[in-house]
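Work through the two exercises below with the model open. Each task is followed by a stepwise solution.

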Amino acid sequence: MKYLPLIVRNLFRKKTRAFLTLGSIAVALFLFGLLVTVETALSQGVEVAGADRLVVINRVSLIQPLPIAYRDRLLQIPGVTAVTYASWFGGVYQDERNFFPQFAIDPESFLKMYPEYSVPPAQWKTFLGDREGCVVGQATAKRFGWKVGDRIPLRGTIFPGTWEFNLDGIYTGKRPDDDTTQFWFHRKYLEERGPEWFKGYVGWYVVRVDNPDHAVDVVKAIDARFANSAWETHTDTEKAFAASFAKQIGNIRFIILSIGGVVFFTLLLVTGNTMAMAVRERIGELAVLKTVGFTDAGVLGLVLAEALTLALLGGVIGLGLAKAFTLSGDPTGGLLPIFYLAPWKMALGLLLAAMVGVLSGIVPAVTAMRLKIVDALRRV
Amino acid sequence: MVRVDGSDVDGSLIRVRNLDKTYRRGSEEIHVLQGLNLDVGAGEFVAFMGPSGSGKTTLLNLLGGLDTPSAGSIRVGEDTVTAMSGRRLTGWRARHVGFVFQMYNLIPVLTAFQNVELPLLLTNLSRAERRRHVETALSLMGLSDRMKHYPRQLSGGQEQRVAIARAIVADPTFLLCDEPTGDLDRKSADEILGLISALVSEHGKTVLMVTHDPRAAEWANVILHLEKGALVDSPQGNAGS
């Protein structure tokens, strides 16, 4: 700590240069924060998927339905302990930009299947008794300023007409990265008002297995059970389903790693150049430090500490801004339902910043360490 | 007591024997110091004079452990400086030597107080003890009211006084001053030399100073000249006193 004033004052001796470098690091870490947030949002299902849940969809595609009659047949398959189902509604609230996912569900089995979601019991009871009722996630309610008791109109796109719902409850996630943008309503309401072609069908099933280790066997058993029927199934673990869904957008992780790699390499050059200049300009001062008794290792440590302080300071600013940005919610209006920068990813960002600091400072620090006092003083 | 003849005498604080320093410039060898002998007792104020390139600064660097000789030995008290290297030499330098340079060499981003405090950061002194030492050193230099000033806010003479405070703050065994008044006007130079002289006469410090200014050298008890790589008495012949 006693060296801190020396480190900080050396760091900001050229204020413009220091702030420009600090800005570069902050911008890079802000970008890193946003990229990992987007990556999390796009692959959120993979992160939060239940290990004991399977998703059963129509073998042709996700948009083809499956008969409601499959529910009981699924329950008969060994290893299956619970089944629920849902259908994509695809309604529009006021404007098409106001996207959020809407599912027609079987309330009883749905909430048991997803214990990570929580609805106040009184609100849930109201919902169960209200055929036109709906429950929305906290994020969507906050986004549109909805309160329990509001009447919410949706314009159907797959299922024509204007559909009105009573907001009976608001659910929350038990984990910070649980999706709280969904809108649930009774499948029975859809069945009643929906078109004839959808009666007796659901979008997909979600199945719970007795043991995640049995998942592969159960997947095979389900698809074999419905093979050669009019509605063949394709079953996958929820994790694999979410991953394949995310892959439709492209190899997000590769794209993010590529962008991140380029940004950090550039950052390394910028910070390295700053540190090299900072050391070159004060060769004489470093020699004086050695003259008064600073060891070679001490001088090396001082220069490295400067680089590290600069990088970490920039990192804290950049990641802090990224966190603040994510706290304001999904900027796309619904495409990224879980717009959340997890603390461990911020820690990862700081670790990367620290690495940039050490790598950019190592060459100038070794130069300073090897400095011969007599030669350096001669240059003053 | 100051002697340059290499005869062993008791009571030397600094004892230099057969010191050689040779530089190589391409294929050419430059013998800066050759067989130099010197004995300096504690509490002496010695001035080294000589033409440019005569090896005055080289001698000072060798005495301070900033450079290593090609041959010969330097002893300070019980320590053989020429047998030390690396961390041990750095530690010895921090404990025993105070340096004053012509260009002051203060750290511009630190205040006068922080500049003087630098050598003490390497010690185990508490913050309060460091403060006390720094305030004492700066008050000795008459700079109690300039502690929070940065070097750019001080005159040349004041900067050099801060540099002297930095050199004495850790209470070193001896001071090495390389042209301490070379960049100052006459009045400031006399003030600085008066302070250095007071450190010798009132505080018993040992000072070895390089200068090319005869008026500055007059402040010393002994003036030695470097000629052909060796030390000789001044024309006044006051070495051996």
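**Exercise 1.** Describe the contact of chain B and chain A in this predicted model.

*Solution.* 

Step 1. Count the residues. Chain B gives 24 residues to the contact, and chain A gives 22 residues.

Step 2. Take the area. The two chains bury about 2,100 Å² between them. Carbon and sulfur atoms carry 67% of that area.

Step 3. B:V109, B:L121 and B:L122 supply 24% of the area that chain B buries against chain A.

Step 4. Helix 2 (86-96) and helix 3 (112-121) of chain B each supply at least two residues of the side that touches chain A.

Step 5. Sort that side by class. It holds 14 nonpolar, five polar and five charged residues.

**Exercise 2.** Describe how helix 1 of chain A packs against helix 13 of chain A.

*Solution.* 

Step 1. Locate the helices. Helix 1 of chain A covers residues 4-11, and helix 13 of chain A covers residues 296-327.

Step 2. The angle is about 65°, and the axes are 9 Å apart. The crossing is right-handed.

Step 3. Name the residues. A:L6, A:I7, A:N10 and A:L11 of helix 1 meet A:L302, A:A305, A:E306, A:T309 and A:L310 of helix 13.

Step 4. Sort them by class. This helix contact has six nonpolar, two polar and one charged residues.

Key:
Residues are numbered from 1 along each chain as its sequence is written. Chains are lettered from A and ligands numbered from 1 in the order in which they are written. This is a predicted model: local features need pLDDT of at least 70, side-chain atom pairs count only at pLDDT 80 or more; totals for chains, interfaces and linings use all residues. Side-chain values use heavy atoms; hydrogens and water are left out. Contact means heavy atoms within 4.5 Å. Buried area is the accessible area (1.4 Å probe) that two parts lose on being put together, summed over both. Helices (H or I, at least four residues) and strands (E, at least two) are DSSP runs, numbered from the N terminus. Ala, Val, Leu, Ile, Met, Phe, Trp, Tyr, Cys and Pro count as nonpolar, Asp, Glu, Lys and Arg as charged, and the others, Gly among them, as polar. Axes are lines fitted to C-alpha atoms, for helices over the stretch in contact, and angles run from 0 to 180 degrees between N-to-C directions. A crossing is left-handed if the near helix is turned anticlockwise from the far one by less than a right angle, and right-handed if clockwise.
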